[in-house]
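Please look over the sequence and the three-dimensional structure shown here before reading on. The paragraphs that follow lead you through them one part at a time.

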Amino acid sequence: MQTKDHKVLVANRGEIAIRIVQACRKLGLAFTCVYTAEDAASGHVRIARELGGDKSLCRVSSYHDANELMAVADDAGATAVHPGYGFFAEDYRFARRVSQRDRKLIFIGPSWRVIRELGDKINTKRLARSLGVPTVPGSDRPIYDEMEAEKVAQSLFEFQEQQGIRKPLVLVKASAGGGGMGIEEVYDIDLFRSVYRRIRNYALRQFKDEGVLIEQRIRDFNHLEVQVVSDRSGRNPVHFGTRNCSIQSTGLQKRVEIAPGFDPSSIEYGFDAAQVLRDITNHSLAMARKVGYDNVGTWEWIVTRDGRPFLMEVNTRIQVENGVSATIARVRGQKGVDLIAEQIRIGLGEPLGYGQEDITFEGVGVEYRLIAEDPDNRFTPWVGRVDGFGWPERPWLAMHTHVPSDDPYDIPTEFDPNLALAIIWGKDLAEARERGVEFLDTLVLEGANNAGEPLRSNVRFLRDNTGRILKF
Amino acid sequence: MDTEKRTQHLAERLGYIRDVFGGKHNENIALLESKLQEFNLRLSEGSISDENAALTTLEDLFDFVERKLEAELTPMDKVRIVRHPQRICLRDILENVYDNFTEIGGKDEHSIDPSMLIARAYITRRSGKKTINQPVLVIGQEKGHGEEFRNGGSVKPWGNAKALQYMKVAETEGIPIHTYVFTPGSYPVEDYPGAAQQIARNLYEMAGLRVPVIAVFSEGGSGGAEAIGLADRRLMLSHGYYSVISPEGGAAIEGRLRQGQRAAPELIEKCAQQLRITAEDNLRMGYIDHVVTEPPLGARPYHYDFFRGLRQEIIRATDEVILGVKGFAPFRAMVLRRRRGKAETMDLDNMYVRWSLSASAKDRLVGRRHRKFNRLARNAARDRRPVLRKLSNMGWDAWWDIYSYFKYDLLRKHQQKIAYLVEEVEAEAQVLMEKVAAPWRKITCALPGGSCQSSEETERELTTLSDWDEEGQRNGNWSYVSPRAKEDRAITCPNAATHGCLDLWAPDLFGEFAGVCTYCGHHFPMEYQWYLHNVFDEGSIFEFNAEIEAGNPLGFEGFDVKLEQAKKQTGLKSGCVTFEARIDNVKLVVAMLVAPFRGGSVGAAEALPLPGLRARHRRHPHPGRHQRRHPDAPLHHGRAPLHRGRGPVPGAVRHQFVRRAAGQLPRLLALPVLHPFGQHRLRRAGRHQGDHGRGHPAGLPPGLSRPVARAHPRHLGPPRRARQPEAGPSDHGRPQPLLPVARATARNR
């Protein structure tokens, strides 16, 4: 296989770096890892050393410096770069630089044009609307005119009242913003103008662009995702099912992900859940086909209590929770789907080799994100040393962690205190829930910080929430 | 006793000669020295019978030698003359030329700047039996025979501001201004208000002063001289110099000297020769109007004849200016008659000319001044248009004057009235229509399937694709992409050490980011074409005055070659591009100084088009009324080219210009475009207070009334649109038309 000649630069850290290294190993590819001084004890450094020796490791001063990563790639003779998630994963400029520099590399991810196109929320929304894909009601272009803005807000309030929403909300956001910057809610049309002006001035200061978006603020929804995979031809995207990521921290960070997105067989929904899942997968694939999507990606949806789906955004990268989709997926009936390996394989140019009809799903997968944090105190990160970390091996359990279970591990303060991902499979929802609780009960996770206080983790939060998974 | 004084005086004269010639003509100096010593010896021995006769003989010998050496003065000797402590200074002139004077604005150390001296002085004349005191304001640099606190006549910006303030006083009082230029250059203060900036302010104001200004140049060094030198009559002392830069400064540039190095004397001498700094040269080139002859080897405080002559010259110059604009014929004839006389033999004290002007005479005075300096600039630049073209342009201009008079002065007023009327009628009709239509609408809404907006319609509006004209948008694509964006390299921001900026990839930095560091906002200089093609509406640029060429009016050796090189390299004829353009349909007249052309420094050819812009602007009034409220609104949407909003988005860049251009009067715009080399150059030029041996004078008064000949517009045309972000380092293949750009990075700055 020609892809064997490639060498992949793993431009990330922690759990995802480990999984990329393992996937490279599985595909018989050479790899190079980078790490910073704080990460010297991290699991991805250990596994890279084990599988590739010292020559496959290179210390960098920052994961954020593209110049350094390019230097490492050239020095190691890498031919491809895997960005993982976070850092450069959705940076189209990085992807462009990688693929257009004098010594060209393969960016394992969608092409930079796709990243740019789908990375823009207005563009994504307009693309969706042009294909008849449902999006959040509101404007689909930046509004610069105060009168027009108020008119849109007014009709949004009226629209929500017609729909019987008791407390209508309107969201005003800077069209050039992102990451939660420059967003504000309006609950009364009389307050709209002052909020609008505030956001507009903020946007002008911060982004040098006065445009704002005005949308309905949807509350009481479930967060669903569609996993899309497509080879470099971009013509035949397939989906690997849906996920439900509604259990989140107060900061709206996902904590539990379940595949599939709904389970109409065991839970009663107020709408046709199976139809919703079919709709969102079809819509996602239609958009992927339209833009010529050419790697793995996730279409994020919100589904309201009355079963109306709205496209939220497209993540043009592999996601943390890819494993939970893989665990219920069967390709031509075969278990052991590895989406990261698939991503690398098709990223390097191989055709996908199977179609949608070859993909089936079996059972329910649950993924827990084990994090050192204090759920009772607004999920404040906890920093200290992990002394004991262990769990009984089970056939239905897959653990992805960079935290060693035989050595103490200091949680670095530079990054999120993520410890592990636990993926549990059950033949149905009841069994998955049961096994999840069993796993959390048998998990050993101990430690202390410098002050001698015991380790805090979200294990109890996860256990408490297991009962309500997939329920709307 | 008298003998002692006279010998002392002769010793001073000897020292002066020795200083002036700096090691040349040693045999003459030795002769004088030995004669003087011999006299002194004999005096002490008491062996001289007639001291007076011997002294007179000796003095005659000194006179003879001085006259002899006078013929051999080189320009550099003259530089040494004007810098000598024994040289006459402004105080001597006030004492000896004027009849009474009072220093104003602080005396000596109590002045804000002791190197700038302001005095109200009188010239007393007789007309028949009447005695008339004519007040004048005397302004000039005071060197004070080497007094240290005078800074050798180097005036600080606040000194020039003081001068300007008193010029305004003279204007209020309606009395003439006499300025005396005794400066090696202004004192280099770069902080606010800035040496160059203050000089520019002075020039601007002096161009419009409504009283006669007479300037006398003794030492006119670079910009400092201009601060008080813009005058209706410019006299020059025969041993003075007047130059764009001191010979040492010129030599430093010629010899490419670094800080702390000194130029070789030969080079300085050569530069003094080349810079055409003497009175004769300046007269020949027309920069001064008349030379006042000094005694051999230059005037010193004891040359009372010289002061008498200077007094007559000053009075004559003032009279000439006054009579030139008074427009009463017999006086003009008299002036002409007087021109034949010699200054020393004239007696203008017994003739009276009232030194005040009527309002219309003042207008004529200012108009003359404008034309005078415009002519100076035009002579220093090359205008290579054929005569026929010039004529047709003049006709064209005249036609435009008439046309714009009808269109804007006559028609516009009525147009506006009609427009207002229509607006009023429309508003009335609207209210009427509402009233009439309301019941009808109520009925149709009540009917099923009525035409009023239903909830479905609202929903459709909120959830389906809206119309959005994306055509006119740049979407973060620049029409012109810097050639530096083709190189695969990382560029370090100069602020990296202090702001922690990571290196930026050149295609990102010079392409999408428009040369702005995304971490700290540092602006890397961009090519002038970048501004040309990205700031203004595509295809809206019409260049004019393209034929004006930078010339070498001084005939400076080697400068022609450099100019030719610059012209070849940039494809431009001077460092100033003038054009009409639009930004979001707001019309502008623009002057752009282009750095790659000789560092963007401004000479005559660069300054020449500027007054023309004003005239052009007047001819085509550019309405600011019809702009949209958010001129940049549709230029870009959420796809702002820079994430986190740092740096310019195209709209923001344009917005700035539009606001400036539309909101302020006059709606003229000058874009200084610098590249690293150019910036460096300008800064260095600023330190030397000079603009490198080209064009003269350094600045031109804006608002000159006479329009500059209009060249046929040259269409710069839209560049082929490069879809910038699509175009990677490898596929930018389009060669940019106007110039190759110095590939300087921040590192080597």
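**A walk through the model**

Helix α19 of chain B (residues 528-535) is largely enclosed by the rest of the structure, because seven of its eight residues are buried. A residue is called buried if 20 or more other C-beta atoms lie within 10 Å of its own, exposed if 12 or fewer do, and partly exposed in between, with the C-beta atoms placed from the backbone. The buried residues of α19(B) are B:Y528, B:Q529, B:W530, B:L532, B:H533, B:N534 and B:V535. Helices (H or I, at least four residues) and strands (E, at least two) are DSSP runs, numbered from the N terminus.

Before going further, note that this is a predicted model, in which local features need pLDDT of at least 70 and side-chain atom pairs count only at pLDDT 80 or more, while totals for chains, interfaces and linings use all residues. Residues are numbered from 1 along each chain as its sequence is written, and chains are lettered from A and ligands numbered from 1 in the order in which they are written.

Chain B contains 24 helices and 16 strands, and 43% of its 749 residues count as buried. Strand β14 of chain B (residues 586-594) is largely enclosed by the rest of the structure, since eight of its nine residues are buried. Strands of a sheet pair through backbone hydrogen bonds, either parallel or antiparallel. Here strand β13 of chain B (residues 576-583) runs antiparallel to β14(B), joined to it by eight bridges; two strands count as paired if DSSP finds at least two bridges between them. Within this pair B:V577 stands opposite B:M592, and the two strands form a hairpin with two residues between them, where B:D584 in the turn has a positive phi of about 45 degrees.

B:A263 counts as buried because it has 20 C-beta neighbours inside 10 Å, and its C-alpha atom is separated by 6.1 Å from that of B:A251, twelve residues apart along the chain.

Turning to chain A, we find domain 1 (3-108), domain 2 (137-216) and domain 3 (221-466), with bounds that come from an automatic or database domain assignment. The centres of domain 2 and domain 3 of chain A, taken over C-alpha atoms, are separated by 32 Å. In chain A, three strands form an open antiparallel sheet in the order β21-β19-β23, and its edge strands, β21 (409-410) and β23 (444-448), each pair on one side only. Strand β19 (residues 385-390) of chain A pairs with β23(A) over five antiparallel bridges, and A:F389 has A:L445 as its bridge partner in β23(A).
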